[in-house]
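Please work through the following exercises with the structure in view. Each task is followed by a solution in steps.

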Amino acid sequence: MTTVETPAKQSFVEPGGIEAIPIARRHGSPWQLLATWSAPNLEFATVYVGVIAVAFFGLGFPQAMVALILGNALGSITQGVLSAWGPRDGVAQMVLGRVAFGTRGNILPAGLNTVMAGLGWFATNSVSGAFALATLTTMPVWLALVIIVVVQVGVAIIGHNFVQLFERYATVVLGVVFLLAAVFALVSGHLGAGAGGAPAGFTAGFGGFSVAMAAAFGYAAGWNPYAADYTRYLAPTTSRVRIGLAAGIGNFVSCTVLMAAGAAAATAVSFGKANPTDLFTSAAVMPVVIGKLTLLAIFFGAISANALNIYSGAMSFLAVGIRIPLTLRRALVAGAFGVIGFFIALAASADPSGSYENFLLVIAYWIAPWLGVVLADRWYRRGTGIARFLADDARYVNWPGFIALAVGIVVPIWLFANQTLYTGVLVAPTERMSGGFVTDYGIGDLTPLVGFVLAVVVYFALVPVFRPVRGTALPASGYEEPVHVDAASER
C-alpha cells in the first residue's frame, strides 16, 4: 500500500526564518509563479519606467519600446533561471548566495538586498500607492502613506502562503484594470512621437537609449534576488523548465504592457514634478471612470509589490547571519522594515521622479555584477551538491566570488555611472547640459552591462588562483537537505 505524505499545516503567521524547507512542507505548482511575478508589476512604478523613458530620457515611443523590451527580456530570463534553483535545496535566494560569495562574503550582497528590497523598493512603491490614494480621496499624502504601509506590512507578516494567495487574486483584478488603462493610454498617445507629442526620433541618441534600457533591466531584474524565495516550497522534482517559464513570462509580460502604457501616456501629456499618478489617470489619457479604477488599482498594486519586498527583505536580513532566537523572527523583522520604510517614503514623496530614476539605476549597478557571479559560480559547480556550504557555521570562503562582486560594482560605477550625484569619468565628457538639465546623455549608462561582464571575467580568472571547493556529487535523487542554515531555529 502506498501512502501519500501531506504537507504539514502552517500556522496563521509563517513561523521561523531562513531554515531549509523540509520535504514534508513542500507544496504548490510552478504555474502559480505566473501570478507571483505578474501581480507585483501591476503597479504605477512599472508604468513610470515607461514614462521616464520618454519624458526624461528623451526617446520617442518606438525607440523607448525597443529599449524597454530588451531590458525587460534580460531581467525576466534571469528571473526564470534563478527561480528554478529554489526547489532543490529549499532555501531563499540570498542563502544560496553563501555558495558563490562564502559565508562571510555573502554579507555584502545580502546586506545590499536588505536595504534595496526591505527599504528602497518598499519606500518607492509606497509613494506611488499613497499618491494614488490621495488623488482618489483628497486625503493628505502622509495619511495615505500610513494606510498603505499598515496594509502591506500586514500581508508580509502573515507570510509565504498568504503572500502567494494574495498575488493570485491580485493578478486577476489588477490585470483587468491595468489592461484597460493600457489600451486607453495607447489610443490616446501619439505613438509616432516623443514627450508631450513632440517629434520622435533618436533625439536622445544612444545615451538615452542605454539609460532607458538600464532602467527597465533594473526594474525587471530587481526581483532576481528574491527569485528562489517563492520557489523553495516547491517539491525538488518540480520541472525546472516550467518554473523558469512561469516566472520569466509573468515578469516579462506584466512589465512590458505597463511600461508601454507609461511610454504612451508620456506622449499624450507632459510629466514634470507634479503628481505623476494624477497625470497618468487624467482625462487626457483615459476616461474618468477608468482613471478612478486605475487609481484604486495603483493603490492595491503597491501593496502587491511591497508584500514581496518586505517579505524578501526580511529573509535577506536574516541571511546576513544575524541570529534572532524568536519563533516569529521573520515576521518581526518585516514589521520593523515597514516602520523604517515609512519615513524613507515620506522623504522621497517630495521629488518622486528624481528619486525613482536614481533608484532604478542604482538597483542595476549591484544586481548585474551579483548576477554575473552567481551564474558563473553555478556553472563552476554544475552537477555538485552545495548543501554543505549553506550552513551558518560552514565558515566557507570563496574569494573569487567576493572579489568579482566588489570589482564588478566599483569599477563600472567609477567609469560609467550616470547619476545626478555622480557621473562616471568616461561619461562626463560626452554629456551636454542646458539650464541644469541633461540634454544629451552621451554614452548613457553602461554600468550594468560592464558590471555583469567584468564580474564573470574576474570570477573565472580567480578560480585557478584560489581553487574554491566545488562540492561532492549530488545523490541519485538530486536532493540533499541542508542543515544548520538558520541556527536560531535549532535553539
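The exercises below treat a surface patch and a pair of rings.

The model is predicted, so local features need pLDDT of at least 70 and side-chain atom pairs pLDDT 80 or more, while totals for chains, interfaces and linings use all residues. Residues are numbered from 1 along each chain as its sequence is written, and side-chain values use heavy atoms, without hydrogens and water.

**Exercise 1.** Determine whether V241 is buried or exposed.

*Solution.* Step 1: locate V241, which lies in helix α10. Helices are DSSP runs of H or I with at least four residues, numbered from the N terminus. Step 2: apply the cut-offs, where buried means under 20% relative accessible area, exposed over 50%, and partly exposed in between (1.4 Å probe, protein chains only). Step 3: V241 has 58% relative accessibility and therefore counts as exposed.

**Exercise 2.** State which element gives the most residues to the nonpolar patch.

*Solution.* Step 1: α8 (160-188) and α10 (240-268) are the elements that give two or more residues to the patch. Step 2: α10 gives the most, with 5 residues.

**Exercise 3.** Describe the aromatic pair of W37 and Y230.

*Solution.* Step 1: rings of Phe, Tyr and Trp (its six-membered ring) pair if their centres lie within 6.5 Å; planes under 30 degrees apart count as stacked, over 60 as edge-to-face and the rest as tilted. Step 2: W37 and Y230 lie 5.5 Å apart centre to centre, with 85 degrees between the planes, and the pair is edge-to-face. Step 3: the two residues are 193 residues apart in the chain, and both are buried.
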